[in-house]
Amino acid sequence: TSRADMNGKRGVATDFHWYEDEGEKRRYTIKLDGGEAFKVKLGNVCAATTRFVVGARVECAMEGGGDWRAGVVVKLWYREPDWPMYKPSAPYQVRLNCGIPNLIVGPVDHDSCVRAANGGVEDGDERGGGGGGGGGGGGG
């Protein structure tokens, strides 16, 4: 894949580069779903739509992996006021049904981090699961 035919392809921002010695050039490293990675100008990156909408019942992987907690999406493309500009917005802010912190961030829109709620999981229940990665703290 060349840079010319990346248009419309999905991927994940995996890194941010700031080259002060080159006129403050800024680039994201984007890893496409197909596995290829490219450095892309900020202006050429757009946030895709999310898999879940505000109000959706989801399960979030907790930091350390293994534990999943039920919650509800309360905000899309969440940012803490003190996050540096190069840190991308989190696709989801989720209010957990139980636990502290009650508001967490779903930093990646992927089933390893945030997945559709399983009908067999009661509000507030925890269950083991694969995936890791995690919903880290954050909130407001």
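A salt bridge here is a side-chain nitrogen of Lys or Arg within 4 Å of a carboxyl oxygen of Asp or Glu. I note at the start that the model is predicted.

**Entry 1: the fold in outline**

I looked up the secondary structure of the protein chain and found zero helices and nine strands. Read along the sequence, the pattern is β-β-β-β-β-β-β-β-β. I then took the burial count: 31% of the 140 residues count as buried. For the surface, I noted that the protein chain exposes about 8200 Å², and that carbon and sulfur atoms supply 50% of this area. I also checked contacts with a separation of 6 or more; residues 24 or more positions apart account for 46% of them.

**Entry 2: salt bridges, whole structure**

I asked how many salt bridges a search of the whole structure finds. The search finds three. I took them one by one.

**Entry 3: Arg-51 and its partners**

I found the side chain of Arg-51 in a salt bridge with that of Asp-109, at 2.7 Å from N to O. Arg-51 lies in the loop between β3 (37-41) and β4 (57-61), and Asp-109 in the loop between β7 (103-106) and β8 (114-116), so this pair ties together parts that are 58 residues apart in sequence.

I found a salt bridge between the side chains of Arg-51 and Asp-111 as well, at 2.6 Å from N to O. Asp-111 is in the loop between β7 and β8, and this pair links distant parts of the chain, 60 residues apart. I recorded Arg-51, Asp-109 and Asp-111 as linked in a network of salt bridges.

**Entry 4: Glu-59 and Arg-115**

I looked up the remaining pair. The side chains of Glu-59 and Arg-115 meet in a salt bridge, 2.7 Å from N to O. Glu-59 lies in strand β4 and Arg-115 in strand β8, so the pair ties together parts that are 56 residues apart in sequence.

Terms used: Residues are numbered from 1 along each chain as its sequence is written. This is a predicted model: local features need pLDDT of at least 70, side-chain atom pairs count only at pLDDT 80 or more; totals for chains, interfaces and linings use all residues. Side-chain values use heavy atoms; hydrogens and water are left out. Helices (H or I, at least four residues) and strands (E, at least two) are DSSP runs, numbered from the N terminus. Buried means under 20% relative accessible area, exposed over 50%, partly exposed in between (1.4 Å probe, protein chains only). Contact means heavy atoms within 4.5 Å. Accessible areas come from the Shrake-Rupley method with a 1.4 Å probe; for residues, only the protein chains shown count as cover.
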